[in-house]
Amino acid sequence: MKKKFYITAPIYYPNDVPHLGHAYTTIAADVLARWHKLLGKEVFFLTGTDEHGKKIAKAAEKTGKTPKQFTDSLIPEFKDAWKKLGIQYDRFIRTTDKDHEKVVQHVLEKVNKKGEIYKGEYSGLYCTDCEAYYTEKDAPDFSCPVHKKPLENLKEESYFFKLSKYQNFLLDLYKKNPDFISPESKRKEIINRVKEGLKDLSITRTSFDWGVPFPLDKKHYVYVWFDALLNYISGIGYLENKKMFEKFWPADVHIIGKDIIWFHAVYWPAMLKSAGIELPKKIFAHGWWTVLNEKMGKSAGNAVKIDKLIGYAGADSARYFLLRAAPFGDDGDFSEKELINRHNNELANKLGNLVSRVSALIEKYGLEKTEIKNLKIEKTKKTIEKHFEKFEFDKVLNEIFSFTDRCNEFIQNKKPWETKDKKVLYELANAIKDFTILLSPFMPETCEKISKTFNFKIDLKEINKPLKVGKIKKSEILFRKI
Ligand code: MSP
């Protein structure tokens, strides 16, 4: 039986069109999904939209639409963006999907049966932009530490989830599973915060009605994070497709940004434990992108929208840039100049030229099969596998590109344009096959084109097989210099 791999990207707030930050998480998850498919696994990749709560209701109000009409109008923007960026998800879940809403209510009933929900009054601070509660300790000046806006002072009847009783359970979980939260720096932060103690979580609101109705009390609506996190189980059929759920759950990894790690590393495992559901295996929190060293956002007016991101040099170059320019757990700074530099120097000059030169020479002089002596990829492949296990996309790409450097040196030294040596050309064509397969999760469109030119299948098994000798024509230009 095939091994499974279940990966999730966050579900985004559709209060505006998607931008580079959303693309980053989604591309990373897509690359991993494609890599695990290459490894021969049965993969499920989930993403979607987080549509309930005050933030969306407020944004909708400004447009004069109902929240549902409003989110309906933005969903095509997300789907279209992912299509243009080559994202191959298996389901696009919306928290307004009926099957999801049922799961939210079902889980709440389970948690209630366990005696872990009680009625009380929430009195404290709230940021609608984060959809998160703050204490005076987190925000001594009563403004949101993330959005720098004044916090709302809430005082309302609310139902609570007994999160506080999970403190030891969580600390034990992090200790016994050192890989549960990555990177390490984030894991430490979470451990320290949890050690300070946990408050029970307010999980319902009465002051708005754009949410899942709370099954235990008609006046109440479910807190948006309790609703949103459950997408990870409803998306694979927790209630409606038991077989699929059993096949894919627990998730192998939740890919998220560092801003939402608290919800994923604390609320989520406690909720699952309370409902008697197995925990995910891993949470990986990546860093944040700034634009020319400024925080990216609507108010700053510097959010890089998807068409702009793709407009610089195409989808594959954008995918490549985002994963190469900063280690995955670190913050990165985006600049058009940097993207274009990498596009020109690394993609056009190194990769594009090599493919174009080799294919042109083969068209002219042909190929002759030979034993591969110089450009063996085995070691590179092994190193890449290790980097992928640690989510080190930048290192995977470095490794692949040092192999293409070797190919470029080889062609320079052997000068097949003078010697017309068909064996040298064969060795180069075979090397192109090998690194293209490894590069395909990052740049699917480009790699597809290369595979058509050199007549091979994008399949990890093809790496161990010698390239079939067939007719090869000069490749189209893969990367136009900008
Ligand atoms: N709806 C919640 C997630 C619920 S998951 C059960 C949410 N949505 S969001 O639209 O605000 O953000 C989603 C993701 O985009 C987060 O992982 C966040 O880190 C990422 N990014 C948003 N801006 C970003 C950058 N500037 N840089 C990198 N990623 C950023 O939170």
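How far from a nitrogen atom of the ligand does a backbone N or O atom of Ile11 lie? The distance is 2.9 Å. The legends below describe close-up views of a predicted model.

View 1. A backbone N or O atom of Gly21 lies 3.5 Å from a nitrogen atom of the ligand. His22 takes part through its side chain, where a polar atom is 3.4 Å from an oxygen atom of the ligand. Taken alone, the ligand exposes 660 Å², and 94% of that is buried by the protein.

**View 2. The shell around the ligand.** There are 23 residues around the ligand, and those that come nearest are Ile11, Asp50, Gly257, Asp259 and Trp289. By class, the shell holds 12 nonpolar, nine polar and two charged residues. Five elements each supply at least two residues of this shell: β1 (4-12), α1 (20-38), α7 (224-229), α8 (231-234) and β11 (253-257).

**View 3. Two cis peptide bonds.** The bond from Ser182 to Pro183 is cis, and its omega is near -5°. Pro183 sits in the loop between β7 (181-182) and α6 (184-195). The bond from Trp249 to Pro250 is also cis, with omega near 0°. Pro250 belongs to the loop between α9 (242-248) and β11.

**View 4. The backbone at Leu292.** Leu292 is in the loop that runs between β13 (289-291) and β14 (294-295). Its phi is near 45°, which is a positive value in a residue other than glycine.

**View 5. Helix α12 against helix α13.** Two packed helices are described by the angle between their axes and the distance between the axes. For α12 (residues 315-324) and α13 (residues 336-365), the axes come within 10 Å and cross at roughly 105°. Angles of 65 to 115 degrees count as roughly perpendicular, so α12 and α13 are described that way. On the α12 side the contact is made by Ser317, Ala318, Tyr320, Phe321 and Arg324. On the α13 side it is made by Glu338, Leu339, Arg342, His343, Glu346 and Leu347. The contact of α12 with α13 has five nonpolar, two polar and four charged residues.

**View 6. Helix α12 against helix α15.** The axes of α12 and α15 (residues 393-414) come within 7 Å and cross at roughly 115°. These two helices are therefore roughly perpendicular to each other. Which residues of α12 meet α15? They are Tyr320, Leu323 and Arg324. Their partners in α15 are Phe393, Asp394, Leu397, Asn398 and Phe401. Sorted by class, the contact of α12 with α15 has five nonpolar residues, one polar residue and two charged residues. Tyr320 and Arg324 also belong to the contact of α12 with α13.

Notes: Residues are numbered from 1 along each chain as its sequence is written. This is a predicted model: local features need pLDDT of at least 70, side-chain atom pairs count only at pLDDT 80 or more; totals for chains, interfaces and linings use all residues. Side-chain values use heavy atoms; hydrogens and water are left out. Axes are lines fitted to C-alpha atoms, for helices over the stretch in contact, and angles run from 0 to 180 degrees between N-to-C directions. Helices (H or I, at least four residues) and strands (E, at least two) are DSSP runs, numbered from the N terminus. Angles under 35 degrees count as roughly parallel, over 145 as roughly antiparallel, 65 to 115 as roughly perpendicular and the rest as oblique. Contact means heavy atoms within 4.5 Å. Ala, Val, Leu, Ile, Met, Phe, Trp, Tyr, Cys and Pro count as nonpolar, Asp, Glu, Lys and Arg as charged, and the others, Gly among them, as polar. A residue is near a molecule or strand if one of its heavy atoms lies within 4 Å of it. A polar contact is a pair of N or O atoms within 3.5 Å; within protein, one must be able to donate a hydrogen and the other to accept it, and residues adjacent in sequence count only if both atoms are side-chain atoms. Accessible areas come from the Shrake-Rupley method with a 1.4 Å probe; for residues, only the protein chains shown count as cover.
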